[in-house]
Amino acid sequence: PLDALNKSFVDLRTGTAFCEPDAIVVHPDTLSALRRQKDANGRYLLDLLSGPAKIDQTAEQENIWGVPVHQTTQCPAGTAVVMSINGGAAVGWVRMGLEVQFNPYSGYETNTYIWVAEERISLSCPRRAAINILTGLPTS
């Protein structure tokens, strides 16, 4: 699994995207299984590879080989998404900023008031080559 993750980094660097990976999105079970990978002597592989920085579950920002890891249950277990946001994998658009409206006359008889908050945002992917999806990773 760690070889596949490393290969996805190389694919982003040398493939059609020519970009550096800067984000990994992964399910917590998958990241936990990657953390528990051991060598023949029972040593954790990520602990050996990370050097003095170590893998720290209590850290504010976790990373694998210098790439920030974002855990979410919205990503399927056994899947990791390696991407380069700076390389065009994701662009956020704001079409209309946050607008809050209040109707002071709505609750005169019923003692209820109406508040409306609206914002128009979107997310697009202009360079699909800057995203690499890995499947079949361990979950336990």
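Student: With which side chain does the side chain of Arg35 make a polar contact?

Tutor: A polar contact is a pair of N or O atoms within 3.5 Å; within protein, one must be able to donate a hydrogen and the other to accept it, and residues adjacent in sequence count only if both atoms are side-chain atoms. Here the partner of Arg35 is the side chain of Glu62, at 2.6 Å. The model is a predicted one, in which local features need pLDDT of at least 70 and side-chain atom pairs count only at pLDDT 80 or more, while totals for chains, interfaces and linings use all residues. Residues are numbered from 1 along each chain as its sequence is written, and side-chain values use heavy atoms, with hydrogens and water left out.

Student: Is Arg35 buried or exposed?

Tutor: Buried means under 20% relative accessible area, exposed over 50%, and partly exposed in between (1.4 Å probe, protein chains only). Arg35 counts as buried because its relative accessibility is 14%, and this residue lies in helix H2; helices (H or I, at least four residues) and strands (E, at least two) are DSSP runs, numbered from the N terminus.

Student: In which sense do strands E1 and E4 pair?

Tutor: Two strands pair if DSSP finds at least two bridges between them. Strand E1 (residues 23-26) pairs with strand E4 (residues 80-83) in the antiparallel sense over 4 bridges, and Ile24 has Val82 as its bridge partner in E4. With strand E3 (residues 67-71), E1 pairs in the parallel sense over 3 bridges, where the bridge partner of Ile24 is Val69.
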